[in-house]
Amino acid sequence: MKRALIITYYWPPGGGAGVQRWLKFTKYLPSYGWQPVVMVPENPEYPVLDTSLISQVAPGTEVLKSRIWEPAAYYKKMSGKSNELTISLSSKGHKSLKDRLMLFIRTNFFLPDARLFWIRPCYRQLVDYIRKSPPDVLVTTGPPHSVHLIGLKLKKTFPDIPWVADFRDPWTKIEYYGEVFHAFWAHWLHHRWEKAVVTRADAVVTIGDDISREFNEIGGTRVLTITNGYDPEDFPESRAPRHEKFTVTYVGNMVGSRNPHTFWRALDGCLSSGVIDRKAIHVKLIGKIDQSIRNSIRENGLEDVVEECGYLDHEKAVKEQQAAHLLLLIINNVSSAKGIVTGKLFEYMASGSPILLIGPVDGEASMILGGVDGGVACDHSDETGLRNALQIYFEKYKSGRLTGGDPSRVMKYSRKTLTADLAACLSSLTDRKRDQASRDHQIKE
């Protein structure tokens, strides 16, 4: 069995979407002839914990650990906030002088991100490991993009080992990059490192076609898209019963750029006009919520129908998705919105609950949703469309006619199917390396 050395910052007991992608890839890679070896930080500062995910680490997975020094603890102490630095980057709204100063330091001195102090110790430990037990392929996954710089250093030291750089989010094209001030040196370094990773990796994998196109434009020669997905084993056949009230559920962090202002107005309109019975609806927000969302809920007089539930572990979140009558999916209201494909989309589709997507109707996420007939999409500015959608789904709830996407079409996004694509990519790199070695040998003879 071939071996893949995977470097990732996010790993159980960390929670959230950043953990899921490679937790599931490592689960299914052995089915395709690949044994994963995973390098993770020994003492990370995870924004959320989900100990239930520990049991999902595939038996026999070799997990290496390297210590990391993180400034996040000092940030929390100085700012008095428990949220990690990346959350503050993507949150709009008023910031105090201290917040702005901390943000300036974070953006211009902790480069490429606040995990940079893991680069050197992780690299040194892996150099010793690789010399003793060389893998067939090296994989780095980011963000944080400092992980890719570890891969860049290892590629220089071990040029014969194929390297795959996996991007779960863009780098300089991420939605909040342009919202913060970058000094010239920070801007230059980000673009320099991004291009170095994309052009020197033997393959670049992204979660969406829009990101793939962006990396092709800056010189990527082997860029492919492998979307996020869902694990069928996380969705038992005996689904969780739906809630008694008409329940609209949102799962995930809701940062300022995701605040669905028009949705709150549309919901208020439905309730005020009597189209939806106020006593029959319940909106659940599961995850971290930006203060701007709370303000919008209060301004529209919706405190009595909206519940802020906080973070739930993955198993409970899946049950809430199945128990919902309508799942709310919000694409960030930013210039790059068309290319954003949130990881929760795929679990939403697998839940069997219909989806109301708020974002570009011609965006990548909307196209995927339409491809499985899983719900409807409305632009952020389409208050009439949102009111109509809420009314239609409420009527379906009353008549018991709510259905989700076509299961046969949703299956293409199962984690096992997607891992087959990843395994094919890894195998093609090792085959190419073997063929090159054979040609070099023939030339020498």
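Within helix 14 (residues 383-399), Glu 395 and Lys 398 sit 3 residues apart, about one turn of the helix; helices here are DSSP runs of H or I with at least four residues, strands are E runs of at least two, and both are numbered from the N terminus. The two side chains form a salt bridge, with 3.4 Å between the closest N and O atoms, where a salt bridge is a side-chain nitrogen of Lys or Arg within 4 Å of a carboxyl oxygen of Asp or Glu. Glu 395 is partly exposed at 33% relative accessibility, whereas Lys 398 is exposed at 51% (buried is under 20% relative accessible area, exposed over 50%, partly exposed in between; 1.4 Å probe, protein chains only).

The model is predicted, so local features need pLDDT of at least 70 and side-chain atom pairs count only at pLDDT 80 or more, while totals for chains, interfaces and linings use all residues. Residues are numbered from 1 along each chain as its sequence is written, and side-chain values use heavy atoms, leaving out hydrogens and water. The average pLDDT (the predictor's confidence in each residue, from 0 to 100) is 90, and 92% of the residues score at least 70. Residues 82-93 fall below 50, yet this stretch has 33 contacts in the model beyond near neighbours in sequence, a contact being heavy atoms within 4.5 Å. Where pLDDT is low, predicted coordinates should not be read in detail.

In total, 18 salt bridges are counted. One of them joins Lys 284 to Glu 320 at 3.2 Å between the closest N and O atoms. This pair links strand 9 (residues 281-286) with helix 11 (residues 314-323), 36 residues apart, and both partners are buried. Lys 24, Lys 27, Asp 231, Glu 233 and Asp 234 are linked in a salt-bridge network.

Apart from residues up to four places away in sequence, Phe 263 touches Val 248, Leu 328, Leu 356, Ile 358, Leu 386 and Leu 390.

Ile 330 belongs to strand 11 (residues 326-330) and is buried, at 0% relative accessibility. Its contacts beyond four places in sequence include Tyr 250, Ile 358 and His 380.
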